[in-house]
Amino acid sequence: MYMKSGKDVLILGIESSCDETAASVVKNGREILSNVVLSQIDIHKVFGGVVPEIASRNHVEAIDKVVRQALAEADVTLNDVNAVAVTYGAGLVGALLVGVSYAKGLCQASGLPLIAVNHIEGHICANYITYPELQPPYTCLLTSGGHTAIVRVVGYDKYEVVCSTVDDAVGEAFDKAARVLGLSYPGGPQIDRLSSAGKAAYKFHSVITANGNFSYSGLKTAVINLVHNAEQKGEKIDKADVACSFNKAAVDGLIERLRRETAANGLKTVAVAGGVGANGYLRSRMKEFERDGFTVCLPRLDLCGDNAAMIASRGYYSFVNGEFADLTLNATPTLKLRGERPV
Ligand code: KG4
Ligand code: ZN
């Protein structure tokens, strides 16, 4: 049974930006008391990707049950909670609106303060749960289905985006490459798995642009063309080799650009955030930084993808700063990271 101490801050996090309905109770920004994630992957799989309206409808059905479960598993009631933190962007507008509206209703009814959380900042905060001693500043490699960037995390609420993708995000490229290889959605984990059975037989152009940003659309198109050309000529290609070559090109560019940035900024801690952070090859290449004297932070595998614990963690830092939202809070599908410049 959870015994609340006067000093503890408990945040109820709510996440519904894409195809996971999630709720979590986190203590003092770092300790998970419960973390409930209801994935809709099986529902969307048959369509080869997330269907926004179906996602919204499923969030509506699931959200109350998921929140109740998170409170029950944490063995707390709303009376023990200090605030409700909810993702308000970036993501699918209809999906976000479900979480935002639910959280507003909950706050209105309970009198709890409402905290608006940027989903991307949440992904970064997954590191605070995995590494309770981690503090800014550090360099973070942000690799999700919608974002790809290198960020200097200067403070808990201060970020400097060093570079980002000019077109597709890395996770998106994984999903599209997987699709052309006939692998099911979400493609990232499938490519990751298939890669280990193949070799990097195909060479692709670097994903780093001339001015040091990322571009993943060329890599994605190269894989699509490779597969289509082979099909047209009736040639057989080894899917595992294509997967391995793609995986290598997608990850090597991230690592190379991260090396450049850490050499320039002098920070000795590097972290990873976002769904692609679960990638086996990426995680093994990140370990190379340890040999060079860096502290390397890789979020727990279950915290790389979308979850509400990371949202509650980010919410905690708004709570201690006294940053609250009101009932005008709205979904913001194209929300940027604070400090992100257009590339
Ligand atoms: O961060 P995330 O859960 O959602 C967004 O905020 O976008 O990232 C989802 C992305 C998907 O594109 C998925 O294919 C990719 O992360 N992903 C992976 C792996 N696991 C998930 N990509 C490569 N290797 C993986 N093991
Ligand atoms: Zn995400």
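**Close-up views of a predicted model**

F289 and F294 are both buried, a term for residues under 20% relative accessible area, with exposed meaning over 50% and partly exposed in between (1.4 Å probe, protein chains only). The model is predicted, so local features need pLDDT of at least 70 and side-chain atom pairs count only at pLDDT 80 or more, while totals for chains, interfaces and linings use all residues. Residues are numbered from 1 along each chain as its sequence is written, chains are lettered from A and ligands numbered from 1 in the order in which they are written, and side-chain values use heavy atoms, without hydrogens and water.

**View 1. Aromatic pair of F174 and F246.** Across the whole structure, a search finds nine aromatic pairs; rings of Phe, Tyr and Trp (its six-membered ring) pair if their centres lie within 6.5 Å, and planes under 30 degrees apart count as stacked, over 60 as edge-to-face and the rest as tilted. F174 and F246 form an edge-to-face pair, at 4.9 Å centre to centre and with 90 degrees between the planes. Because F174 belongs to helix 5 (residues 170–180) and F246 to helix 8 (residues 239–265), the pair ties together parts that are 72 residues apart in sequence. Helices (H or I, at least four residues) and strands (E, at least two) are DSSP runs, numbered from the N terminus. F174 is buried, with a relative accessible area of 2%, and F246 is buried, at 0%.

**View 2. Rings and charges at F289 and F294.** The rings of F289 and F294 make an edge-to-face pair, at 5.4 Å centre to centre and 85 degrees between the planes. R259 lies over the face of F289, 4.5 Å from the ring centre, and K268 lies over the face of F294, at 4.0 Å. A charge sits over a ring if NZ of Lys or CZ of Arg is within 6 Å of the ring centre and within 35 degrees of the ring normal.

**View 3. A tyrosine cluster.** Y128, Y138, Y156, Y316 and Y317 are linked into a cluster by ring pairs.

**View 4. Contact of helix 2 with helix 3.** Residues S56, H59, V60, I63, D64 and V67 of helix 2 meet G94, A95, V98, G99, Y102 and L106 of helix 3, where contact means heavy atoms within 4.5 Å. By class, this contact has seven nonpolar, four polar and one charged residues; Ala, Val, Leu, Ile, Met, Phe, Trp, Tyr, Cys and Pro count as nonpolar, Asp, Glu, Lys and Arg as charged, and the others, Gly among them, as polar. G94, in helix 3, is partly exposed, with a relative accessible area of 24%.
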